Amino acid sequence: MDMVRSEKLIFEYEKRDEEGNVTGMNRAVDGVDIQIAPGDFVAILGHNGSGKSTLAKHMNAILIPTGGTMWVNGRDTKDPAELWNVRQSAGMVFQNPDNQIIGTVVEEDVGFGPENLGVPTEEIWKRVEDSLKSVGMLEYRTNSPNKLSGGQKQRVAIAGVIAMEPECIVLDEPTAMLDPNGRKEVIRTIQELRRRKKVTVILITHYMEEVIDADQVYVMDSGHIVMHGTPKEIFSQVEELKKYRLDVPQVTMLAEELRKRGLKLPKGILRTQELVEALCQLN
Ligand SMILES: Nc1ncnc2c1ncn2[C@@H]1O[C@H](COP(=O)(O)OP(=O)(O)OP(=O)(O)O)[C@@H](O)[C@H]1O
Ligand SMILES: [Mg+2]
């Protein structure tokens with residue numbers, strides 16, 4: 001069974017005037033089909049306003065489809081009786097760590113989610129310890145979240161989601177407000193999690209470098225899925241990506257420029273190591 005699947009998914013926001021009267025509809029997601037297997041690492045790319053967050057918010061039933069269907073762990077998100085199960089299956093991490101941290105002490109914050117799920121106290125403490133350990137923040141358990149760096153706060157937010165033991169974690173630009181070090185911290189944490197806990201990871205990002213290890217990539221534009229494939233397949237299509245106002249990783253761009261100048265390099269080089277090896281094979 002798929003972890004996340006949508007069929008002809010449509011979502012429309014209401015447009016309102018100053019008095020709050022509905023003046024029309026804005027279709028933010030328009031006929032989206034996605035299919036994500038358990039344990040997959042999936043990236044979603046797209047220019048600002050292309051519908052990524054709107055799509056993501058369907059994955060834990062923050063939004064309910066205007067049309068079509070979204071299933072999470074086989075459960076239809078528009079069925080009110082499934083809301084609890086859907087929310088338990090898929091946890092969300094958002095862009096701004098400050099809006100996600102509610103506790104005054106790190107461990108209290110991480111325990112909040114499982115407590116809400118009705119997990120017994122003893123089990124909560126075990127989960128808090130495990131999840132803080134898995135994001136490398138255990139030594140900060142009694143600290144105040146206010147004093148942490150952006151990257152550390154985001155790791156605590158991720159620990160809070162892990163403590164709920166979801167099978168799937170959806171991260172909506174979790175590194176957008178972080179400096180390069182914070183970004184690396186968070187991405188490393190996500191990768192470590194995948195390796196150790198086999199959770200499904202859905203990552204929305206504007207940073208192409210964060211995408212190269214994904215199993216599959218979806219590209220959105222104006223509410224549609226316009227490209228879908230492996231990172232290699234997607235980043236081989238530099239011109240197509242430009243059409244959707246997206247870049248490719250720096251190494252890919254460098255290899256592409258060298259190709260244009262006549263070097264016989266393969267398309268879709270994603271890592272420095274790959275480029276070095278390809279260059280060494282030229283004669
Ligand atoms: N709460 C809302 N009410 C009305 N329209 C909205 C709302 N949220 C988003 N939209 C509109 O829906 C469309 C898709 O927005 P969405 O936030 O899903 O895009 P996005 O790809 O996540 O963009 P970004 O990269 O800037 O985060 C945009 O046209 C946006 O203006
Ligand atoms: Mg967004």
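Into which domains is the protein divided? There are two entries to keep in mind: domain 1 spans residues 4-243, and domain 2 spans residues 249-283. The model is a predicted one. The centres of domain 1 and domain 2, taken over C-alpha atoms, lie 32 Å apart. Ten residues from domain 1 and twelve residues from domain 2 make up the contact.

Turn to that interface. The size of an interface is often given as the accessible area lost when the parts come together. Here, about 900 Å² is buried between domain 1 and domain 2. Carbon and sulfur atoms give 59% of that area.

Two salt bridges cross the interface of domain 1 and domain 2. Elsewhere in the list of ion pairs to inspect, Arg-271 forms a salt bridge with Asp-213. The closest N and O atoms of Arg-271 and Asp-213 are 2.6 Å apart. Between domain 1 and domain 2, four residue pairs are in polar contact, with both residues at pLDDT 80 or more.

Which elements give two or more residues to the side of domain 1 that touches domain 2? They are helix H7, residues 231-235, and helix H8, residues 238-243. H7 gives the most to this side, with three residues. The residues on the side of domain 1 that touches domain 2 divide into five nonpolar, one polar and four charged.

Now move to the sheet. Strands of a sheet pair through backbone hydrogen bonds, either parallel or antiparallel.

Start with E1, residues 4-16. E1 and E2 pair in the antiparallel sense over eleven bridges. Tyr-13 stands opposite Asn-26 in E2, and Glu-12 stands opposite Arg-27 in E2. The hairpin of E1 and E2 has five residues between the strands. In that hairpin, Gly-20 takes a positive phi near 90°.

Next, follow E1 to its other partner. Which strand do five bridges join to E1? It is E4, residues 67-72, and E1 and E4 run antiparallel. Ile-10 stands opposite Gly-67 in E4. Glu-7 has Thr-69 in E4 as its bridge partner.

E4 and E5 pair in the antiparallel sense over two bridges. Trp-71 stands opposite Asp-76 in E5. How many residues lie between the strands in the hairpin of E4 and E5? There are two, and in this hairpin Asn-73 takes a positive phi near 55°.

Methods. Residues are numbered from 1 along each chain as its sequence is written. Chains are lettered from A and ligands numbered from 1 in the order in which they are written. This is a predicted model: local features need pLDDT of at least 70, side-chain atom pairs count only at pLDDT 80 or more; totals for chains, interfaces and linings use all residues. Side-chain values use heavy atoms; hydrogens and water are left out. Domain bounds come from an automatic or database domain assignment. Contact means heavy atoms within 4.5 Å. Buried area is the accessible area (1.4 Å probe) that two parts lose on being put together, summed over both. A salt bridge is a side-chain nitrogen of Lys or Arg within 4 Å of a carboxyl oxygen of Asp or Glu. A polar contact is a pair of N or O atoms within 3.5 Å; within protein, one must be able to donate a hydrogen and the other to accept it, and residues adjacent in sequence count only if both atoms are side-chain atoms. Helices (H or I, at least four residues) and strands (E, at least two) are DSSP runs, numbered from the N terminus. Ala, Val, Leu, Ile, Met, Phe, Trp, Tyr, Cys and Pro count as nonpolar, Asp, Glu, Lys and Arg as charged, and the others, Gly among them, as polar. Two strands pair if DSSP finds at least two bridges between them.
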